[in-house]
Amino acid sequence: MQFDSIKARDDAAIMHTYARFPVALERGQNATCWDADGKEYIDLTAGIGVNALGFSDEGWQKAIAAQLGKLQHISNLYYTLPCIQAAEKLKELSGMEKVFFSNSGAESNEGAIKAARKYSLLKYGEGRSTIVSLENSFHGRTVTTLAATGQMVFHKDFFPFTEGFVFAKANDWSDTLEKLGQQGVCAILMELVQGEGGVLPLDQAYVSAVVDYCHKNDILVIIDEVQTGMARTGSFLAYQQFGFLPDLCTMAKGIGGGLPLGAVLFGEKTKEALVPGDHASTYGGNPIACAGAVEVLSRVSSEFLAEVAKKGEYITKKLLSFPHVAGVSGLGLMLGASLEGVTSRDVVVKGNELGVLTLTAKEKLRLLPPLTISYEEIDKGLARLEETLKAL
Ligand SMILES: *Cc1c(COP(=O)(O)O)cnc(C)c1O
């Protein structure tokens with residue numbers, strides 16, 4: 001057993017901010033991976049929605065290896081082609097105007113929050129900087145993105161926070177309208193499918209009402225697509241299914257395909273909000289991460305997106321026939337199963353024993369498989385999940 005010695009070393013050296021599962025993974029191929037003892041698992045997590053093309057994708061590896069042999073980093077004081085190519089792809093796929101690269105979801109949200117406040121300051125002066133966020137949202141772990149996160153459980157122990165966030169009830173238009181109508185609001189920040197909050201999609205009518213009101217009142221719409229983006233929901237960005245263009249959009253997780261990469265996308269209104277000196281990131285737009293992203297982004301096509309939607313429907317239908325599963329929410333390959341008579345953590349732990357990796361989102365069992373998962377892998381993973389649920 002390799003595992004016991006690995007765990008002992010981890011215990012002695014790593015700061016324990018994660019409740020790790022007793023699995024030490026070593027290598028993988030698409031949605032299949034193996035631990036240090038050679039046991040096989042089907043991965044329905046994609047490293048929390050990151051490995052869009054699964055493990056060890058050949059094209060992605062080649063793109064990165066080619067860039068590795070040229071230039072790994074040089075700083076944003078100089079022009080590099082991979083960064084420009086990735087931004088061009090993002091523009092084409094998103095319909096947005098400009099891109100700022102960061103390294104993570106939280107860092108992208110920080111950038112969008114700064115851009116929204118700067119836009120409002122330039123146009124309206126001081127005192128119009130409040131951002132409405134939604135209850136039950138998740139926007140990151142930095143002090144400001146925690147302040148923007150509408151789940152008080154993450155707030156305890158870390159006061160004081162950045163000021164200027166108020167929370168509206170998701171899918172409750174009259175409550176949201178009241179918050180948007182307060183003095184000094186410059187933007188609303190929301191996920192279209194709340195991920196960490198329980199894989200909860202917003203209602204189309206609610207989103208349309210918010211977007212209409214905000215456009216009429218020059219309140220910026222910031223969409224956090226860190227989890228929903230990069231084709232996860234069956235469209236490149238979830239807002240494309242909701243039928244509008246945001247003023248700012250944040251991405252991370254899937255776009256790097258496994259390397260740290262985040263992006264802020266700027267729309268028509270905000271494309272000139274930031275000027276040299278306003279914002280920066282040493283690693284942002286790193287040539288290797290971007291070379292990989294160009295390959296990830298170049299896989300997105302209407303056929304690819306249709307496959308994501310189809311696989312999502314296929315998995316949903318199967319899940320609904322499993323014991324303890326009361327319902328399935330979500331979009332595309334971002335799915336949450338509500339459970340009866342078992343906790344989501346117990347399902348994940350038992351699933352690990354039986355060779356399938358899954359996630360929780362509060363009380364739900366959350367599945368975020370690689371977008372490239374094969375039907376064979378889906379069937380194998382779901383058979384193990386069914387076995388898991390039967391055993392509990
Ligand atoms: C994961 C996530 C974040 C935070 O991303 P990090 O890369 O961990 O900073 C922010 N928003 C949403 C919606 C997320 O799912």
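**Ground rules**

I note that this is a predicted model, in which local features need pLDDT of at least 70 and side-chain atom pairs count only at pLDDT 80 or more, while totals for chains, interfaces and linings use all residues. Residues are numbered from 1 along each chain as its sequence is written, and side-chain values use heavy atoms, with hydrogens and water left out.

**Salt bridges**

I searched the whole structure and noted 18 salt bridges. Asp11 and Lys7 both belong to helix α1 (residues 2-13), four residues apart, about one turn of the helix; helices here are DSSP runs of H or I with at least four residues, strands are runs of E with at least two, and both are numbered from the N terminus. Asp11 is partly exposed because its relative accessible area is 39%, and Lys7 is partly exposed at 40%.

I then turned to Arg299, which forms a salt bridge with Asp57, the closest N and O atoms being 2.6 Å apart. This pair links distant parts of the chain, 242 residues apart, with Arg299 in the loop between α10 (287-298) and α11 (302-319) and Asp57 in the loop between α2 (46-49) and α3. Arg299 counts as partly exposed at 24% relative accessibility, whereas Asp57, at 13%, counts as buried.

**Strand β12**

Is strand β12 (residues 262-266) enclosed or open? Five of its five residues are buried, so the strand is largely enclosed by the rest of the structure. In a regular strand the side chains alternate between the two faces of the sheet. In β12 I found Gly262, Val264 and Phe266 pointing one way and Ala263 and Leu265 the other way, all of them buried.

I next asked which strands pair with β12, taking two strands as paired if DSSP finds at least two bridges between them. Strand β4 (residues 98-102) pairs with β12 in the antiparallel sense over five bridges, and in this pairing I looked up Ser102, which stands opposite Gly262. Strand β11 (residues 248-251) also pairs with β12 in the antiparallel sense, over four bridges, and here Cys249 has Leu265 as its bridge partner.

**Domains**

The domain assignment, whose bounds come from an automatic or database source, gives domain 1 (2-56 + 301-391) and domain 2 (71-298). I noted that 27 Å separate their centres, taken over C-alpha atoms. Between them, 27 residues of domain 1 are in contact with 26 residues of domain 2, contact meaning heavy atoms within 4.5 Å.

**Single residues**

I looked up Asp175 in helix α7 (residues 173-180), where it counts as buried at 11% relative accessibility. Leaving aside residues up to four places away in sequence, Asp175 touches Phe167, Ala168 and Lys169.

Arg117 is in helix α5 (residues 105-124). Beyond residues up to four places away in sequence, Arg117 touches a group of residues including Ser129, Ile131, Thr162 and Cys186. I also noted that the C-alpha atoms of Arg117 and Ala273 are separated by 9.1 Å, though these residues are 156 residues apart along the chain.

My last entry concerns Tyr78, which lies in the loop between α3 (58-68) and α4 (81-94) and is exposed, with a relative accessible area of 52%. Together with Leu71, Ile74 and Leu77, Tyr78 makes a nonpolar surface patch of about 420 Å². Such patches are made of residues with over 30% relative accessible area and no salt bridge, nonpolar side chains (Val, Leu, Ile, Met, Phe, Trp, Tyr) being joined within 5 Å and like charges within 9 Å. The accessible areas come from the Shrake-Rupley method with a 1.4 Å probe, and for residues only the protein chains shown count as cover.

Notes:
Salt bridge = Lys/Arg side-chain N within 4 Å of Asp/Glu carboxyl O. Buried < 20%, exposed > 50% of the residue type's maximum accessible area, 1.4 Å probe, protein only.
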